[in-house]
Amino acid sequence: MTRINNFIAGEWVLPSSGEFVNSINPARISDIVTRYPLSAKADVDRAVAAAREAFPVWRDLPAPRRAEILYRAAELLQRAKPELAKSVTREMGKVYSEGLGDIQEAVDMAYYMAGEGRRLVGETVPCELPHKDGKSLRVPHGVFALITPWNFPVAIPVWKIFASLICGNTAVFKPSSDSPYCAALLVEILEEAGLPAGVLNLVMGRGQHVGQYLATHPGVDGISFTGSCAVGEALAQQAAALHRPIAMEMGGKNAILILKDADLDLALHGVLWGAFGTTGQRCTAASRIILEQAVYDRFLNRLVEAAGSLRLGDGLLPETDVGPLINKQGLDKALDYIKIGQEEGAELLCGGLRAAEGGLAEGYFMQPAVFANVQPNMRIAQEEIFGPVVAVMPCADYEDGIRLVNQSRYGLSSSIYTNNVNYAARAERDIDSGLVYINASTIGAEIQLPFGGFKHSGSGHPEAGGRMGAIDFFSRIKVIYRDFSGRLQKAQIDQESQ
Ligand code: UN1
């Protein structure tokens, strides 16, 4: 077991509080992964001051030079991938192959954002007056507060860190208290890659104290947050009062619509992967399955059989399909929704119990659950569970199915399985969510396209992607007019005199 510290102004430093708490392995709670700092406000003050101090020098370093550090980080991440993936699995429970995917996503993002260092384009346009030109430039905001969840403990921080840094911002990174060790490993890699002191600072601790204080700190210029709707929307109100840009990625209640002409084998793989991959703990997890009536019984039977045969266990064991939930609270919440669904009159066809056979009682395991005959307005069909629970409902036809897909306050990721080209094309238009998958599950976005939700899932500032995504959020547009006529020229007014 190790103990980790905060990283401020290029040094690994003790928290001013002197307090540390355990980060534990959710598959075996006696396994303490590390002890991490419970920081105090003074630590946030120091981290913000360090980021402020580093800002002018980092801003003035040409973006292609900033990029070189990201290229080095990409190589280091690639080299350390197996070790990092093991730490991801040990600290937050996802199966090892998904841990490798988490790191691969970080590698992809590092290369991609490094490339953006040579592509931070503005525009040059003709001016209406002679001997005058005009251009737009991308400039950084200053210091960003980056607040991240545990479910992608390396990939999601990297979406924010690399995009903010390549644009010339400096940052204070506050990771989830459920994945501080992974955060520290990531920061070590950036340190090794040669990131100058103060450009990225890491402060660990509780969200209500450290995260909240950081986001509203007077020395911060912008916020990027991924987490719950309740926290994100409260932060957005405070950010509005401070006139501070905020990007939020929040909940989802993602649906897969399966039409009767679909390839049902393919759809079954997609449902299992979307609903139970990462133990259902993705914002993009499939948690509503909408089946066209003609295939309802057939598909449901196959789904129940397949869900019941998924093997639970420690994600480091090669035979494991589904790992644990993140913590006691996550497990209790998912178990509560099983009760809620039953009380609402949905039919629980499999799973839904805490798994305790073998060594599983030592971790937060739950058997994957399938509810059938779900009504669209039931809580299990409307509220985000963030666990291995799926709500299945029938629909009459394409139109009815789309209506159900869109009947949600969320709109992050949706999917349709059909072999009818016209329905597939119509779904691209009709589905009201930021991500739409055709004949693929709701998870598996690639970093070169923007990632973000509609409605209550997001703020309209997507992550990842290039100029249509994160680059647009992490930079501001400055416009320069240069008049080299040597006389007063009046735009919009000097029409006649030329
Ligand atoms: C999340 O769902 O919490 O699209 C993030 C995916 C991953 C990122 C998901 N690349 O599934």
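In strand β17, cysteine 395 is the bridge partner of glutamate 292, and this contact belongs to a set of 5 bridges that join strand β14 (residues 286-292) to β17 in the parallel sense. The model described here is a predicted one, and every value quoted below is computed from it.

Strand β17 itself, which spans residues 389-395, is mostly covered, since 6 of its 7 residues are buried.

These strands belong to an open sheet of 7 strands whose order is β15-β16-β17-β14-β13-β19-β20 and whose pairing is mixed. At the edges stand β15 (347-350) and β20 (435-438), each of which pairs on one side only, and the twist from one strand to the next averages 25°. Strands of a sheet pair through backbone hydrogen bonds, and they do so either parallel or antiparallel.

Two helices lie across this sheet. Helix α9 (residues 264-276) lies across β13 (254-258), β14, β16, β17 and β19 (413-417), and its direction is at about 170° to that of β13. Helix α11 (residues 328-344) lies across β15, β16 and β17, running at about 20° to β16.

**The three-stranded sheet**

A further open sheet has 3 strands in the order β6-β7-β24, with antiparallel pairing. Its edges are formed by β6 (123-126) and β24 (475-483), each with a single partner strand, so one side of each is left without a neighbour in the sheet. Direction ignored, neighbouring strands of this sheet are turned by 20° against each other on average. The antiparallel contact between β6 and strand β7 (residues 132-140) consists of 4 bridges, and within that pairing the bridge partner of threonine 124 is lysine 135 of β7.

**Helix α7 and its surroundings**

Helix α7 (residues 207-215) has as its buried residues Val210, Gly211, Leu214 and Ala215. Viewed down the axis of α7, these buried residues fall within an arc of 120°, so they line one face of the helix. An α-helix has 3.6 residues a turn, so residues three or four places apart point the same way. The elements that cover the buried residues of α7 include the helices α1 (41-60) and α8 (229-241) as well as the strands β8 (143-147), β9 (170-174) and β11 (222-226).

**Aromatic pairs and charges over rings**

A search of the whole structure finds 8 aromatic pairs, and two of them are described here with their geometry.

| Aromatic pair | Arrangement | Centre to centre | Angle between planes |
|---|---|---|---|
| Tryptophan 159 and phenylalanine 451 | tilted | 4.8 Å | 55° |
| Tyrosine 398 and tyrosine 423 | stacked | 4.7 Å | 15° |

Tryptophan 159 lies in helix α5 (residues 155-166) and phenylalanine 451 in strand β21 (residues 450-451), so this pair ties together parts that are 292 residues apart in sequence. Tryptophan 159 is buried, with a relative accessible area of 6%, and phenylalanine 451, at 8% relative accessibility, likewise counts as buried, because the cut-off for a buried residue is under 20% relative accessible area.

In the pair of tyrosines, tyrosine 398 lies in helix α13 (residues 398-406) and tyrosine 423 in helix α14 (residues 421-430), so the pair ties together parts that are 25 residues apart in sequence. Tyrosine 398 counts as buried at 2% relative accessibility, whereas tyrosine 423, at 25%, counts as partly exposed.

Ring pairs also link Phe144, Phe473 and Phe474 into a cluster. Charged side chains are found over rings too: the charged end of arginine 3 sits over the ring of phenylalanine 20, at 4.0 Å from its centre, while lysine 94 lies over the face of phenylalanine 152, at 3.6 Å from the ring centre.

Conventions: Residues numbered from 1 in each chain as written. Predicted model: local features only at pLDDT ≥ 70, side-chain atom pairs only at ≥ 80, totals over all residues. Heavy atoms only, no water. Phe/Tyr/Trp six-rings, centres within 6.5 Å; stacked < 30°, edge-to-face > 60°. Buried < 20%, exposed > 50% of the residue type's maximum accessible area, 1.4 Å probe, protein only. Lys NZ or Arg CZ within 6 Å of the ring centre and 35° of its normal. Arc of directions from axis to C-beta. Contact = heavy atoms within 4.5 Å. Pairing = 2+ DSSP bridges. Axes fitted to C-alpha atoms, helices over the stretch in contact; angles between N-to-C directions.
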